[in-house]
Amino acid sequence: MINFEEELKKFHPSLEVEDAEEAIYNQDLTDAADLLVKMIKESEEKEEK
C-alpha cells in the first residue's frame, strides 16, 4: 500500500516554465552546427599556414 506521507516527503515540485527556460538557455551547449563551424575554421587556418 502507498504511504502518502512518505511520498509527499520525497516530492520535489517541477520548475515553472520560465525557470526551466532560464535554466536551459543559461547553459553553454554545443550543437552539431557549432562543431561544424569550428571544424571549418580550423581547416581554413591549417590551409593558410
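A residue is called buried when its relative accessible area is under 20%, exposed when that area is over 50%, and partly exposed in between, with a 1.4 Å probe and protein chains only. By that scale Lys10 is exposed, at a relative accessible area of 54%, and buried residues make up 0% of the 49 residues in the protein chain. The structure is a predicted model, in which local features need pLDDT of at least 70 and side-chain atom pairs count only at pLDDT 80 or more, while totals for chains, interfaces and linings use all residues. Residues are numbered from 1 along each chain as its sequence is written, and side-chain values use heavy atoms, with hydrogens and water left out.

**Overall layout**

- The protein chain has 3 helices and 0 strands, where helices (H or I, at least four residues) and strands (E, at least two) are DSSP runs numbered from the N terminus.
- Read along the sequence, these elements give the pattern α-α-α, and the C-alpha atoms of the protein chain fill a box of roughly 70 × 25 × 15 Å, taken along the principal axes.

- Side chains of opposite charge can pair when their charged atoms come close.
- A salt bridge is taken here as a side-chain nitrogen of Lys or Arg within 4 Å of a carboxyl oxygen of Asp or Glu, and by this rule the count comes to 2 salt bridges.
- Glu6 and Lys9 meet through their side chains in a salt bridge, at 3.5 Å from N to O, and both residues lie in helix α1 (residues 4–10), 3 residues apart, which is about one turn of the helix.
- Within this pair, Glu6 is partly exposed with a relative accessible area of 37%, whereas Lys9 counts as exposed at 62% relative accessibility.
- Glu7 forms a salt bridge with Lys10, and the closest N and O atoms of that pair are 3.6 Å apart; Glu7 and Lys10 also both lie in helix α1, 3 residues apart, about one turn of the helix.
- Glu7 is partly exposed, with a relative accessible area of 40%.

**Charge on the surface**

- Glu16, Glu18, Asp19, Glu21 and Glu22 gather in a patch of negative charge on the surface; patches are made of residues with over 30% relative accessible area and no salt bridge, like charges being joined within 9 Å and nonpolar side chains (Val, Leu, Ile, Met, Phe, Trp, Tyr) within 5 Å.
- Glu21, one of the residues in that patch, has its place in helix α2 (residues 17–25) and is partly exposed, with a relative accessible area of 44%.
- The protein chain carries 6 positive and 16 negative charges, whose mean positions are 9 Å apart; Lys and Arg count as positive and Asp and Glu as negative, while His and the chain ends are not counted.
- The place of a charge is taken as NZ of Lys, CZ of Arg, CG of Asp or CD of Glu.

**Before α1**

- Asn3 lies in the segment before α1 and is partly exposed, with a relative accessible area of 42%.
- The side chain of Asn3 reaches the backbone nitrogen of Glu5 at 3.1 Å, a polar contact being a pair of N or O atoms within 3.5 Å; within protein, one must be able to donate a hydrogen and the other to accept it, and residues adjacent in sequence count only if both atoms are side-chain atoms.

**Separations along the chain**

- Ser14 has its place in the loop between α1 and α2 and is exposed, with a relative accessible area of 62%.
- The C-alpha atoms of Ser14 and Glu48 are separated by 51 Å, the two residues being 34 apart along the chain.

Technical notes: Areas by Shrake-Rupley, 256 points an atom, 1.4 Å probe, with all protein chains shown as cover.
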